[in-house]
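Here is a note for a colleague who is opening this structure for the first time. Please keep the viewer open and follow the points in turn.

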Amino acid sequence: MIELKAPAELEAMRAAGLVVASALKNVTEAVRPGVHTAELDEIAEQTIRDAGAVPSFKGYHGFPASICASVNEQIVHGIPSASQLLADGDLLSVDCGAILDGWHGDSAVTVHVGAPNPLDQALSEATRAAMQAGIEAVRPDGRLTDISHAVENAIHAAERANHRKYGIIREYGGHGIGRAMHMEPFLPNYGKPGKGPRLRIGMAIAIEPMLTLGGERTEELDDGWTVVTVDGSRAAHWEHTVAITEDGPWVLTAP
């Protein structure tokens with residue numbers, strides 16, 4: 001079942017989304033060489049709780065933190081740690097969620113630590129552009145995979161512009177969101193258009209492409225959470241929570 005929200009419920013989700021946006025802003029501003037990712041987690045949790053919200057991730061299936069902090073070859077679900085010191089040139093993806101009055105917001109950004117590496121910068125920009133293309137494909141009466149197709153097309157456009165291939169992570173993708181963080185439908189970041197459920201006013205979907213500088217193969221570390229590239233290539237992750245309205249997409253987690 002795909003949850004449909006009334007306008008007032010989408011407004012409540014927007015409030016949760018603004019909490020997430022604020023947490024990510026504060027975390028991003030704190031990123032610098034020598035900072036450990038556990039410190040970034042503390043900043044996010046404090047921001048969320050000061051807003052009267054609760055971190056979505058903390059305790060979710062046993063996850064121990066309020067953000068996912070994934071460094072370099074870590075794609076997603078990286079566990080913040082006091083032993084994970086950021087260094088100049090690192091590439092950090094931060095995923096954050098918050099619950100406010102029972103409604104969820106979910107968003108992710110990729111941040112350069114110190115001076116950006118040109119390859120990393122192009123990777124992050126390609127991932128963000130793919131997310132934006134997916135957002136622009138959200139429209140009432142469209143199909144779910146119209147979003148997938150738009151994401152994939154944007155990735156291939158970036159590949160042509162940058163004269164290189166990117167790995168599209170296939171095991172992980174977007175998802176429905178609302179009174180729970182992960183809901184139906186699952187949204188692949190690739191595929192042909194015109195398939196899957198019809199997009200209806202009141203749906204909310206997290207759109208989140210993940211790309212690598214190498215291949216698509218992934219593995220999960222022994223901590224049971226952190227997902228890394230098998231070939232050791234770096235990864236980027238961008239995400240927004242988007243509502244479908246009669247006027248088109250409404251990015252609920254935009255600042």
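1. Start at Asn72. This is a predicted model. Asn72 has a relative accessibility of 13%, so it counts as buried, the cut-off being under 20%. The residue lies in the loop between strand 2 and strand 3. Its phi is positive, about 60°, although Asn72 is not a glycine. Most residues other than glycine have a negative phi. Please look at the backbone here.

2. Compare His61. Its phi is also positive, near 50°, and it too is a residue other than glycine. His61 is found in the loop between strand 1 and strand 2. Is His61 buried or exposed? It counts as exposed, because its relative accessibility is 67% and the cut-off for exposed is over 50%.

3. Stay in that loop for Phe63. Phe63 also sits between strand 1 (54-55) and strand 2 (67-71). Its relative accessibility is 3%, so Phe63 counts as buried. The structure holds one aromatic pair. Phe63 and Trp225 form that pair: their ring centres are 5.0 Å apart and their planes stand at 80°, so the pair is edge-to-face. The angle cut-off for that class is over 60 degrees. Trp225 lies in the loop between strand 11 (218-220) and strand 12 (227-229).

4. Next, strand 2. How many of its five residues are buried? Five of the five are, and the strand is mostly covered. Both faces are covered. Ile67, Ala69 and Val71 are buried on one side, and Cys68 and Ser70 are buried on the other. Strand 2 pairs with strand 4 (residues 91-100) in the antiparallel sense, over five bridges. In this pairing, Ser70 stands opposite Ser93 of strand 4.

5. Strand 11 and strand 12 pair over three bridges, in the antiparallel sense. Here Glu220 stands opposite Val227 in strand 12.

6. What is the order of its strands? It is 8-7-9-14-15, again in an open sheet with antiparallel pairing. Strand 8 and strand 15 (248-251) stand at the edges. One side of each is left without a neighbour in the sheet, because each has a single partner strand. From one strand to the next, the twist averages 30°.

7. Inside that sheet, follow strand 7. Strand 7 (residues 174-176) runs antiparallel to strand 8 (residues 183-187), and three bridges join them. A hairpin through six residues connects strand 7 to strand 8. Strand 7 also runs antiparallel to strand 9 (residues 204-207), with two bridges.

8. Glu184 and Pro185 are joined by a cis peptide bond, with omega about 5°. Most peptide bonds are trans. Where is Pro185 placed? Pro185 is in strand 8, one of the two edge strands of the five-stranded sheet.

9. A charge over a ring. Arg170 has its charged end over the ring of Tyr190. The distance to the ring centre is 4.1 Å.

10. Last, the helices. Helix 3 (residues 118-136) and helix 4 (residues 144-162) have axes that come within 8 Å. The axes cross at roughly 150°. That makes helix 3 roughly antiparallel to helix 4, because angles over 145 degrees count as such. The crossing of helix 3 past helix 4 is right-handed.

Definitions and conventions
Residues numbered from 1 in each chain as written. Predicted model: local features only at pLDDT ≥ 70, side-chain atom pairs only at ≥ 80, totals over all residues. Heavy atoms only, no water. Pairing = 2+ DSSP bridges. Helix = DSSP H or I, 4+ residues; strand = E, 2+ residues; numbered from the N terminus. Phe/Tyr/Trp six-rings, centres within 6.5 Å; stacked < 30°, edge-to-face > 60°. Buried < 20%, exposed > 50% of the residue type's maximum accessible area, 1.4 Å probe, protein only. Lys NZ or Arg CZ within 6 Å of the ring centre and 35° of its normal. Axes fitted to C-alpha atoms, helices over the stretch in contact; angles between N-to-C directions. Parallel < 35°, antiparallel > 145°, perpendicular 65-115°, else oblique. Left-handed = near helix turned anticlockwise from the far one by under 90°.
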